[in-house]
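Here are my notes on the model you sent.

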Amino acid sequence: MASPDPVLDKDGVRLTVDDAVATVTLTNPDKRNAQSPALWRALASAGQELPGTVRVVVLRGEGKSFSAGLDRQAFTPEGFDGEPSFIDLARGSDAELDGVIAEYQSAFTWWRRNDIVSIAAVQGHAIGAGFQLALACDLRVVADDVQFAMRETSLGLVPDLTGTHPLVSLVGYARALEICATGRFVGAEESERIGLANLAVPGAELDAAVRDLAAALLAAPRDAVIETKALLRGASGRSYEEQRVAERGAQARRLRDLAGLAD
C-alpha cells in the first residue's frame with residue numbers, strides 16, 4: 001500500500017496523515033537524526049498542521065537511531081547557517097536567551113495535548129535532545145537495542161527541552177537525578193522495568209507493536225480518551241479530594257453527552 005503524501009516535509013521532519021493516525025518521522029539517518037533549531041521549528045509546525053481528525057500521533061526516526069541528540073555543530077563558533085551560535089546566544093540578555101529557549105521548547109510541548117495520544121517508537125540511540133523528544137510523548141515503545149542517555153550534564157549544561165518533568169514523573173526523583181547526573185545509558189530491559197518504556201520488543205517487531213497500540217487506543221470513544229487523559233495529566237497537581245471532584249465533573253460531562261444532554 002502506498003504511503004500517504006506528506007503534509008509537511010522539511011528540515012529533517014516529515015508529517016504524514018492516514019485517517020486518525022499521524023506519523024512524524026525524523027528523516028536524517030546519515031546524521032543519526034541529530035537535532036537543530038531548524039528541525040525544532042519543523043517539529044513545532046508539524047503540531048500546528050495536524051488535522052482535527054487525528055487521534056494518535058506516532059513519532060519515529062529513520063535509520064539505526066531514533067535521534068543522537070543535538071547536532072554538535074551547535075557548539076562550534078559558527079553554529080548553523082542563518083542561526084545564532086550558542087556562543088552568540090550566551091552573550092544575549094537573560095530575556096533574549098529565555099525567549100530563544102522557549103521557542104526551541106515549543107517543538108517538545110504539543111505532544112501531550114489532550115486531543116491526541118502520542119507514541120514514540122524508539123530504536124538505537126536516543127541521547128540528550130533525542131531522549132527528551134521521546135519523553136515529550138505520552139507513551140514509548142522501544143526496540144531491544146535502545147540506548148537512552150541524558151548527556152547534557154556531562155557537557156556542563158542542563159536538560160532544557162522539557163524532559164525533566166516527564167522523567168521525574170516516570171521514574172522518580174532519585175533515579176532521574178542519577179540518570180541525568182551520570183549520563184549513563186539506559187537499555188531496553190531497564191527502561192521497561194523502571195517505567196520509562198511502556199513496552200520493549202525486538203527491533204523487527206517495533207513497527208507492528210506501535211500499530212497494535214495505536215489500534216487499541218483508537219478502539220475507545222475519542223471524547224472518553226480525551227477526558228481520561230486530561231484527568232490523568234492533572235492528577236499530580238491535585239490533592240486526592242480535588243481529583244475526586246475532577247473525576248465527578250468529567251463523568252458528568254460524559255454522561256450528559258451520552259444521553260444527548262450536553263450543552
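1. A definition comes before the charged pairs. A salt bridge here is a side-chain nitrogen of Lys or Arg within 4 Å of a carboxyl oxygen of Asp or Glu. Please keep in mind throughout that this is a predicted model. By that rule the count is twelve salt bridges. Side chains of opposite charge can pair when their charged atoms come close.

2. Take Glu83 and Arg41. They form a salt bridge, and their closest N and O atoms are 2.2 Å apart. Is Glu83 buried or exposed? Glu83 is buried, because its relative accessible area is 17% and the cut-off for buried is under 20%. Arg41 has 36% relative accessibility, so this residue counts as partly exposed.

3. Glu178 and Arg184 are next. Their side chains meet in a salt bridge at 2.3 Å, N to O. Glu178 is partly exposed at 30% relative accessible area. Arg184 is partly exposed too, at 25%. Salt bridges with shared partners join Glu178, Arg184 and Glu190 into one network.

4. Asp115 and Arg113 also pair. The salt bridge between their side chains spans 3.0 Å, N to O. Asp115 is partly exposed, with 28% relative accessibility. Arg113 is partly exposed at 27%.

5. Asp115 returns in the surroundings of Arg222. Which residues does Arg222 touch, leaving aside neighbours within four places in sequence? The contacts are Gly52, Thr53, Val54, Arg55 and Asp115. Arg222 is found in helix H9 (residues 222-235). At 23% relative accessibility, Arg222 counts as partly exposed. The C-alpha atoms of Arg222 and Leu206 are separated by 25 Å, although the two residues are 16 apart along the chain.

6. Now the sheet. Seven strands form an open sheet with mixed pairing, in the order E1-E2-E3-E4-E5-E7-E9. Strand E1 (8-10) and strand E9 (199-201) are the edges, each pairing on one side only. The twist averages 20° from one strand to the next. Strands of a sheet pair through backbone hydrogen bonds, either parallel or antiparallel.

7. Strand E7 (residues 139-143) has a partner on each side in that order. Four bridges join strand E5 (residues 117-122) to E7, and the two run parallel. Across this pairing, Ala121 has Val141 as its bridge partner. Ala120 has Arg140. Three bridges join E7 to E9, again with parallel strands. There, Ala143 stands opposite Val201 in E9.

8. How many residues of E7 are buried? Five of its five residues are. In a regular strand the side chains alternate between the two faces of the sheet. In E7 both faces are covered. Leu139, Val141 and Ala143 are buried on one side, and Arg140 and Val142 are buried on the other.

9. Helix H4 (residues 129-136) is mostly covered as well, with eight of its eight residues buried. Among them are Gly130, Phe131, Gln132, Leu133 and Leu135.

10. Ser67 lies in the loop between E4 and H2. Its relative accessible area is 0%, so Ser67 is buried.

11. Last, the surface. Which residues make the nonpolar patch of about 250 Å²? They are Phe75, Leu155 and Leu157. Leu155 lies in the loop between strand E8 (147-149) and helix H5 (164-171). With a relative accessible area of 45%, Leu155 is partly exposed.

How values were computed. Residues numbered from 1 in each chain as written. Predicted model: local features only at pLDDT ≥ 70, side-chain atom pairs only at ≥ 80, totals over all residues. Heavy atoms only, no water. Patch = residues over 30% accessible without salt bridge, like charges linked within 9 Å, V, L, I, M, F, W, Y side chains within 5 Å. Areas by Shrake-Rupley, 256 points an atom, 1.4 Å probe, with all protein chains shown as cover. Buried < 20%, exposed > 50% of the residue type's maximum accessible area, 1.4 Å probe, protein only. Pairing = 2+ DSSP bridges. Axes fitted to C-alpha atoms, helices over the stretch in contact; angles between N-to-C directions. Contact = heavy atoms within 4.5 Å.
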